[in-house]
Amino acid sequence: RAESDRHRPRFHFTSPAGWLNDANGVSQRDGVYHLFYQYNPVEARHHRIHWGHATSTDLVTWEDAPIALEPGGPDAPDSDGCWSGVLVDDDGVPTIVYSARRGESESAAIAVGSADLRTWTKDPANPVIAGPPADLDTVAFRDHSVWREDGRWRQLIGSGLRGQGGTALLYESDDLRSWRYVGPLVVGDASDPAPGAPDWTGTMWECVDLFEVPAGRAELPPERGHALVFSAWDEGVTHHPLYLLGRYEGDTFTPAALRRLDYGGRYFYAPQSTTDDHGRRVMFGWLQEGRSDDAAAAAGWSGVMSLPRDVSAGADGELVSAPVREVEALRRDHVVVEPRPGTTVLDPTRVDGRQCDLVLTVTLAPGAWVELAVLVSEESGEQTVVRLDRPQDPDLDLDLVLDRSAASVDPGVDATPRSGPVPHEDGAVTLRVLVDRSALEVFANGRALTARSYPEDPGADGLVLRSSPEAQVSSIDAWSMADIWSGPRELRPR
Ligand code: DQQ
């Protein structure tokens, strides 16, 4: 079974067994990166969630650490799960702030770690916040963004105000244990944009993450200096990650713009980020499955962690992301392909199409298009197509489209399209596509589109470039990517 599962990624982080979802406690301490994650080590479904833990010194290869948190006994506030949260440094003491789950009830809890972060002790006084403020009619109460400011702690907890929209509730504390409710930092409007829109803000915000936008290439006006990232949720449905650009000051966040963080929608869900020693904003997101629960259960694993992303402001001040440059260390066997007009087939003996990094520089005249088909099988006709279209109106953004209509002959996998706008100057675009078995990460001028694809043909490793005559593809740089485990990562169910 799982060892031979051809859909299991080889250079993305996956859990050693069972189920993985959100990134938690994303941080760097004494030079070491820590990635905790929502984890069910027993089976590949979301149930009795633990905190898994892995460490890395290079953001590329990972070493498993012992499970950090597991659900408490029948009377504990976290008897049904230790849900998402963060890791902070409390004057030298590593401290986790997480959501305790018992039945449907949600509260905030803490645990302190040994200096090596391998042993965790839950606070006997948990929960430290028993639930949402009694006078608010809330939709859910979970996930945490915690920071130090002006000599005290502040924290946001994701929630929704019934009849209004998603929100982040602001609290403050001197000691991480006793918290004072301040108020909603900002409240979304669940009626605008409309439900179903790709930037619908949902009725509840999961995994709120507030940070100062790293300036990157832009001069940031103060009214757009902060980003509040959240994942729009409604009635048990995980919709998509969004962010507000705005200004955080005092007890409020004044939004200036609402944007989509990743055009893959729920395939890059519940991201969490931290500032590392290089001053980068490093972000991880959860690549959900696009196959059925039964298929994941049969495989014995579910969920992939994204490559770490370096997130900063693009030239227009909006967030752009790219895999951290450390990922390039996995590149092998550089191939430069001179594209031909029309169709170019990449030589499968020179690039491993199941596991590769592809970079294209393209200039699209108005009306031009280019598409890169990956995971192509001539036998089954399967192909996953990444496409860029330039509208006739030269002032409009490019359209980035992921077409999975022929991605798999398995009717049980998600084939819905994904798309979003890509800003450009005179049609110039750098397109980067990373394929890792079923995991796909696409970046076009810094706009990300993440998804999953599950061809049935084990030999679906073809790479084909097609373009219209008005498209100029100057070059294709292609690399096979190394495994980060020695061979496929074996499952080690507990
Ligand atoms: N996943 C966690 C929650 C969070 C959700 C539970 C987002 O804390 O709201 O596993 O995917």
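Q: Which residue in strand 19 stands opposite W19?
A: This is a predicted model, in which local features need pLDDT of at least 70, side-chain atom pairs count only at pLDDT 80 or more, and totals for chains, interfaces and linings use all residues. Residues are numbered from 1 along each chain as its sequence is written. Strand 1 and strand 19 pair in the parallel sense over two bridges, where strands are DSSP runs of E with at least two residues, numbered from the N terminus, and two strands pair if DSSP finds at least two bridges between them. In strand 19, the residue opposite W19 is S302.

Q: Which residue of strand 4 is the bridge partner of A54?
A: Strand 3 (residues 50–56) pairs with strand 4 in the antiparallel sense, over four bridges. Within strand 4, the bridge partner of A54 is D64.

Q: Which residue takes a positive phi in the hairpin of strand 1 and strand 2?
A: Strand 1 pairs with strand 2 (residues 32–40) in the antiparallel sense over seven bridges, and Q28 stands opposite Y33 in strand 2. The hairpin has two residues between the strands. The residue with a positive phi, near 50°, is D30.

Q: How many residues of strand 1 are buried?
A: A residue is buried if 20 or more other C-beta atoms lie within 10 Å of its own, exposed if 12 or fewer, and partly exposed in between, with C-beta atoms placed from the backbone. Strand 1 is largely enclosed by the rest of the structure because its buried residues number 10 of 12.

Q: Which residues come nearest to the ligand?
A: The shell around the ligand has five nonpolar, five polar and four charged residues (nonpolar: Ala, Val, Leu, Ile, Met, Phe, Trp, Tyr, Cys and Pro; charged: Asp, Glu, Lys and Arg; polar: the others, Gly among them). Strand 1 (18–29), strand 5 (81–90), strand 9 (138–149), strand 13 (204–212) and strand 17 (269–275) each supply at least two residues of this shell. A residue is near a molecule if its C-beta atom, placed from the backbone, lies within 6 Å of it. Of the 14 residues around the ligand, those that come nearest are Q38, W83, S84, E206 and A270.

Q: What is the average twist from one strand to the next in the open sheet 5-6-7-8?
A: This sheet of four strands has antiparallel pairing, and strand 6 (residues 93–102) is joined to strand 7 (residues 105–113) by eight bridges. Axes are lines fitted to C-alpha atoms, for helices over the stretch in contact, and angles run from 0 to 180 degrees between N-to-C directions. From one strand to the next, the twist averages 30°.

Q: Which residues does V311 touch, not counting those up to four places away in sequence?
A: V311 lies in strand 21 (residues 309–313) and counts as buried because it has 26 C-beta neighbours inside 10 Å. Two residues are in contact if their C-beta atoms, placed from the backbone, lie within 7 Å. Under that exclusion, V311 touches S273, R281, M283, L319 and S321.
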